[in-house]
Amino acid sequence: MKRISLFISILALLALTALLPTGAVYADGHCEFAEDSIKIGGLVPLSAPGTVAGGVAMSWAINRAADDINAACGVAIDGVNYAIEIVIGDSEGSPERGQAVVERFILEDEVDAVTGVYHSAVGLATMGMLDENRIPTVFSEPWNDNVSANGIMEYDGRPPRNADGVDHVFRVSPASSMVGSVVVDWLLDLGVGNVVIIAENTDYGQPAAADELARFEAAGATVTQINVELGTEDFVPILSRIQASAETPDVVRVIVTGETSFNLTQQMAELGIAPTEDTICVTNQVAFQSEQYWQNVPDGNYCAFNRVGIIPSLFSDTAVELNEAYFEEFEDIVPSYAMASYDAVWIIADGMARAGSMSDGAAIVAAIETTDLDLSQGRYYFEYGNHNPDLPEGTPAFMWHQWPDPVVTMMQYFEQGQSSLDAAVIFPVVYQTHGSSYIAPGTSP
Amino acid sequence: MVIEDTLFVLWLLLAGPLWATVGLFILPGVNQGRGEKEQVPATTLKIAGLVGGFALGPVGLGLFYLEPTLIRRSSLTLGVVLTVFLSSQVLARIVDPNLPAALWLLLAGPLWAALAAYFIPRHYRDLEADDQNALTAAALGGFAIGPLIFGLMWKTVPKVNRDWMISLGALGAWQIYALFAIQNPANPCVALPYAATYLTQQTANGIVIGCIYSLMAVGLTLIYSVQGVVSFAHGQLYMVGGYFSFYFLLHAGNVLSELTGTEVSVNPIWGIPVAAVIVFVMGAIFERVFLKPMHEGLIERVSEYAILITFGFGFFLEYTTLAIAGPFPQKTDRFIQIRRFTLDRFHFNDEVFFGPIHIIGDRAFAMVVGVALIFALLYFLQRSWTGRALRATSQDRQAAAVTGINPTNMNTLSFAMGSMLAAMSGAALIPIFNWVPWVGAEMVGRSYVIVVLGGLGSVPGALAGGIIVGIVEALGAGCHPDPSRGAAYKEAFALVIFALVLLLKPTGLFGREQH
Amino acid sequence: MLAFRRFERAIDSGIGRRKLGYLMIALIIAFFLWFPNDTSQSNYAKTVFISGFFYAIMSSSWALLAGIAGQFSFGHMAFMGIGAYVAGLIARDGVAFAMLGVNITPESISSLGAIIIGTVAAGAVGLVIGWLLLRLRSAYLALFTIAFSELFRIIMLTEYDYTGGSNGLSLRPLLQIADVNAARQVEYYLMFGLLIVCLLALYWVANSPIGLFLRAMREDEDAASALGVNVVRYKILVFVFTSMIVGFAGAIFYSDVGSERIIPEQLEILQMSLIIAYAVIGGMESLIGAAAGAFISRYLLEAMRQVVISLPFGLTTADGSDAFVWDTGYWRFALFGVVMVFTLRYMRNGLLYPIITWFSGRDIAMKETVSIRESDDDEGAAPTEADDE
């Protein structure tokens, strides 16, 4: 009995410590708000097996956007100001959880719109439900091509999700084919012939690798693809295999995210595979987080990486501000998915204001389709939607409800410990900052 | 087409064994009408009958019958290897030309292994023969030489020694290697002239990383040898070890920088003792509170409790670290400023015939640290009074208690030291791999493989096991015929070995036989 | 306390605890049956309940395997995955055994047929694994099942072309109901019915003579075997039985009843460890305790995502809000770990055990804590080369 009471008192103590306050977030009130507020659901991964780091940044950005909008007196509908209220849901990176959370958003929280989503599997699994319930949705990070092909294309043998021809899902992140084409175009411009692709075996890595492989092979390059499991730490055996191949590869392209990408790139550099004079190192866009990158990949100088999102030298005021706030919070450069999530909330708010409603799904979708807004990542608009329903021959289905202009660039570090804000943009040529499309190791532009 | 193929398969399945049976009975007839000195041992003749009949059918039997001098061990071995190898290839191609030969390996090899592993030890026991290692040999043999293992082991029931297992294991490994070669001749493991360099490089990779793995596994084995408990919190202790080192170095660096006014970074080697001390204390406290009652008989079903309680501790550690340190990857500075050590090319007649071999500098350093710590531990266990007391407790608890050793203290010491070793390997690896709170999961899985392979409770076994696992992973990832899958299956190779060792020889390579 | 004793006596002299227990169970079942008809509840609550039922099945069947039969397996999730993956693959690609003249095409098989094949497959693998595990005990068994489960997950993840890799595999939907609300209603009852059926089946096994043999085996395999219990048969039986239950539950749950697709991440050891934790907290030796433990733990972990404490008496926090808001993040899992460890140490039979024993009218806890056994060195995991050594 004594033991049990000890146990209970310890539990109670723990519960008490658990309940200690850590501070609450609420905007100040110089604006007059209506009693109702606009509820926007943010579906992000906040627990394993999801990509927690991504979810944390996205949830921060979504909340930040709401705070900024509210500070500017919220969304004006029929002359009344409505505040935005964010409900964050944890998808855990799993389709099943994602569906459950979306259902909660719709039925319990009664959200008016949804944004977020990091993992494509979650995006694919939740789109149908969002459509059926007529919830305007702007996804900010899933890359799978099919995510925006909703309404145009069937996937997985399921019937088209929408009965009356309206579909509610938009995407402001690039489709993986859009990213792949930039990387491949750049490398082909440099004249590479022998390519090694190292891809993670996930819903992001595999389609992206397949897409790039097809493009390289169409251009006559030889490609070796190597798949790795996320969470692997030691890549030396497989890297030795690359090193032993009869022909030195012209480029090693890493399509691996997170800490696994850092491990891989660092070991690649340490073994002297890439970047070298013969071999170009192309690592993943996570390298843009320069603080983390240099901490984890000290030898990664002269690695190039693809960057989604506006390039630092073209940062708008919004982007600069967002970046500063992000740096204060996480001590790193703001990643594209945080910018996209931030912008997505603004796009929704703008759509509602122009539709003059926060609940009429069809009207809001129609308004979002005609979006024309300058935000942190640039000018947002949607080329194909119900306002312009016919995709010309040759235009891929994913261009439906897809922001056509996510800036995808190739960047390259050329100094040890360089901030990604100073890194060189090397491709496409229009964005070039240092007048060169590749900086050979050991040189500077 | 289908019918012909089926017939051919049937011939392979039936005719080979058929002729082997014929050979088994006919060939001993060679001895008839021969002088005392010309007699060939009956066993040899039987084996020759089996092998000759299976491999070459009537032709082989005829040759052996007419010219018994051909029956030599070397020719028999060669016959076995050739038979198995060719027939497996033919079989795989015939059944379906599109089927990869690996499928044969996946199906036929293990199938025969399972059959042999089931029947042969039973047969040994029925005949009341010494069945020690019979199971292992039967399984290895079934895998390596298929049905022939029945011929070898059924009739004569030989006593199985280590040589048997080594040769059968080597034969099986050689088959896998040969299959790789046939599967993809461009595979760097087999493509001459670089194969030698490549294999050396991969073996070196394996040894370096294996020694580092060992350090963690040694902790696990130490706890097991004294307490009989497998710690399921080991991976998390390894993880927190790395984090303690990281935060210590961070703060020490900041403090020193402030004092001296210049940017100072502390060498991560100093993180190792710090992490060791902190986790030692943590381990000791956990042992006192949660494991001690177990040894005092206050707990029902001890083994289950031990799994669950350590498991729960690990669960707590992992999520607490996640809540505090966050999910972002961290890494410390490096140990030494040398990127890699390179053994340069060897030339012969102006042609490169060997080299270069690369080893990453920090890893080599961590390997040295790991091996030094393991030897320090061995020295401690062999020479110091406390170490001897630990060993005595692990061998016989009651007897140790009689000689004045306090087993309770030894329990606490073993758990604390085991945890400390995990933390030290964490602190030794954080300069090499980047660190996230779930980093322990992959590593601890590997430690289980190592300790089981080396024999739970054996420190030298853990070292050997670590090196073997390192090499298997390196060669597996390096030689897998499909380069796109080799790396993804890297972890799986060790797990397969693990499952096999658990099934065939749970005492491992160096484990004590339990009575 | 005194009032409670008086209440206890009144119950004992009146209806009796056991009957009251049955009454409570009937009430709980009635509540679950009524719940979806409560119009104030959203579909989300039903979704949460559906996945709660699923995890309750997982947890209670694991309790039979580990708590009652003493087979400490980490492979439970993998068996569930086998059921779901096989059902999904067969419904998509069909299967042909030319030699047996069996040819199942995707068109010729119904979703239920696929689910049954998945269940049988899970049972068959359970048979093989159970047989392989005959020689292994406690920690060794746990380690082997970890290896098995990880291997299965890695293969599902890597063989992208067949299994869909981390995009997951869509199973053929079991129900074809257009209306979302009606569909959710049916899914709810289906999963609840499945839970009840599984619990009844598990109870039937646990309370039959087989259950006694299983318990005997858990306490001491050698002694049980010496007393004439056919350890081999019961060990294999319990593996086949529980893997078929979870294979079936998994195949149904992922046939668009609880989830639209199964992903390999679901098979991670982490997910398995959560199931173990649920069972431990609810009570490993009580099937209903484990089921309730899973249901309640999942609910609490969900509810504790954000802790909001409204301040009384019009007090406000420093920044003017009238409630403390704390996003618990990973702390709630850390707390969960603490609860698990302390439960193990101080309430070995689970937090729900006192309630269950009270209703069953006898205090087993007393009996069990008194029987102190000698702690033995070979208690841990003594592997033996052969069974009869």
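So, where chain C meets chain B: 46 residues of chain C are in contact with 44 residues of chain B, where contact says that the C-beta atoms, placed from the backbone, lie within 7 Å. Keep in mind that this is a predicted model, where local features need pLDDT of at least 70 and side-chain atom pairs count only at pLDDT 80 or more, while totals for chains, interfaces and linings use all residues. Residues are numbered from 1 along each chain as its sequence is written, and chains are lettered from A and ligands numbered from 1 in the order in which they are written.

α6(C) gives the most, with 13 residues.

Okay, over to chain A. Seven strands make an open, mixed sheet there, in the order β8-β7-β9-β10-β11-β14-β15; strands pair if DSSP finds at least two bridges between them. At the edges sit β8 (222-228) and β15 (424-427), each pairing on one side only.

Let's zoom in on one pair. β11 (residues 304-308) and β14 (residues 408-412) of chain A run antiparallel, joined by five bridges. In that pair, A:Phe305 stands opposite A:Met411 of β14(A).

And there's a helix too: α8 (residues 258-270) of chain A packs on the sheet, touching β7 (194-200), β9 (251-255) and β10 (280-283) of chain A.

Methods. Two residues are in contact if their C-beta atoms, placed from the backbone, lie within 7 Å. Helices (H or I, at least four residues) and strands (E, at least two) are DSSP runs, numbered from the N terminus. Axes are lines fitted to C-alpha atoms, for helices over the stretch in contact, and angles run from 0 to 180 degrees between N-to-C directions.
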